[in-house]
Amino acid sequence: MEGKERPAATPEQALYAMDRMIALAHFGQQDIAARLGLNVTDLTCLGFLVEASLAGESLAAGDLAERARLTTGGITGVLNRLEKANYAHRQADPQDRRRVRVVMDESAQARILAVYGPFYERLGALFADYGPEEVAVLADWFTRAKGLMQESLDEIRGGDGTSRE
């Protein structure tokens, strides 16, 4: 689909479209979390666990807390809820028994995919409508926008990297 004509858009129109998509995603995350029996923070942490699992890694509880910008007390509550819902469990780190690793339960991936799968299939079809160079631009934009968002959030949060939980 290389070189397919696209409608013209200004940066303002693109920002408006992005804002609307982010708002919808925000509310959508609440719906998805509820469908999975979680809250949005738990779902976000579960997403970090899925990402690590797909990369063949596991996360220490402290690493998960850092990624989610939660305190150790906050992550303890998340892990309690994820264990209760059978999405993950704690496991002693074999190299350092003082550390706790968080491991996805075997059934978790299938349960998550049952909810997210149709959406990702639709996104796959949408990406198929773009050529490789266009997809590269989209990936670059999302990556760079994420960096700018992180920078802005660090400023808003006072640059200390901690949550207000």
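Predicted model: local features only at pLDDT ≥ 70, side-chain atom pairs only at ≥ 80, totals over all residues.
Me: How do you know that the span of helix 2 agrees with its 15 residues?

Reply: At 1.5 Å a residue, helix 2 should span 21 Å. Its end C-alpha atoms are 21 Å apart, so the two values agree. Just after helix 2 comes G56, with a positive phi of about 75°.

Me: How does the reach of helix 1 (residues 11-35) compare with what is expected?

Reply: Helix 1 has 25 residues and reaches 35 Å from its first C-alpha to its last. The expected value is 36 Å, and the helix comes close to it. G37 follows helix 1, and its phi is positive, near 75°.

Me: Why is Q95 called exposed?

Reply: Exposed means over 50% relative accessible area. Q95 has 74% relative accessibility, so it counts as exposed. Q95 sits in the loop between strand 2 (88-92) and strand 3 (100-104).

Me: Which residues of helix 2 are buried?

Reply: They are D42, L43, C45, L46, L49, V50 and A52. Buried means under 20% relative accessible area. Across the protein, buried residues make up 23% of the 165 residues.

Me: What makes up the largest nonpolar core?

Reply: The core has 27 residues. Those with the most contacts inside it are L46, L49, L64, I75, L82, Y87 and I112. Elements that give two or more residues are helix 2 (40-54), helix 3 (61-68), helix 4 (72-84), strand 3 and helix 5 (108-128). Helix 2 gives the largest share, 6 residues. In soluble globular proteins, nonpolar side chains tend to be buried together.

Me: What does L64 touch, beyond residues up to four places away in sequence?

Reply: L64 touches C45, F48, L49, L59, I75, L79 and V102. A contact requires heavy atoms within 4.5 Å.

Me: How do you know that strand 2 and strand 3 pair?

Reply: Pairing needs at least two bridges. Strand 2 and strand 3 are joined by 5 bridges, so they pair. They run antiparallel. A88 stands opposite M104 in strand 3.

Me: What makes the link between R101 and D93 a polar contact?

Reply: Their side chains are joined at 3.2 Å. The limit is 3.5 Å, so the pair qualifies. R101 is found in strand 3. Leaving aside neighbours within four places in sequence, R101 is in contact with S58, L59, A60, D63, H89, R90, Q91 and D93.

Me: What pattern does the protein follow along its sequence?

Reply: The pattern is α-α-β-α-α-β-β-α-α. The protein has 6 helices and 3 strands. Its C-alpha atoms fill a box of roughly 55 × 40 × 30 Å along the principal axes.

Terms used:
Residues numbered from 1 in each chain as written. Heavy atoms only, no water. Helix = DSSP H or I, 4+ residues; strand = E, 2+ residues; numbered from the N terminus. Buried < 20%, exposed > 50% of the residue type's maximum accessible area, 1.4 Å probe, protein only. Expected span 1.5 Å × (residues − 1). Core = buried A, V, L, I, M, F, W, Y, C linked by side-chain atoms within 4.5 Å. Polar contact = N/O pair within 3.5 Å; in protein donor to acceptor, adjacent residues only side chain to side chain.
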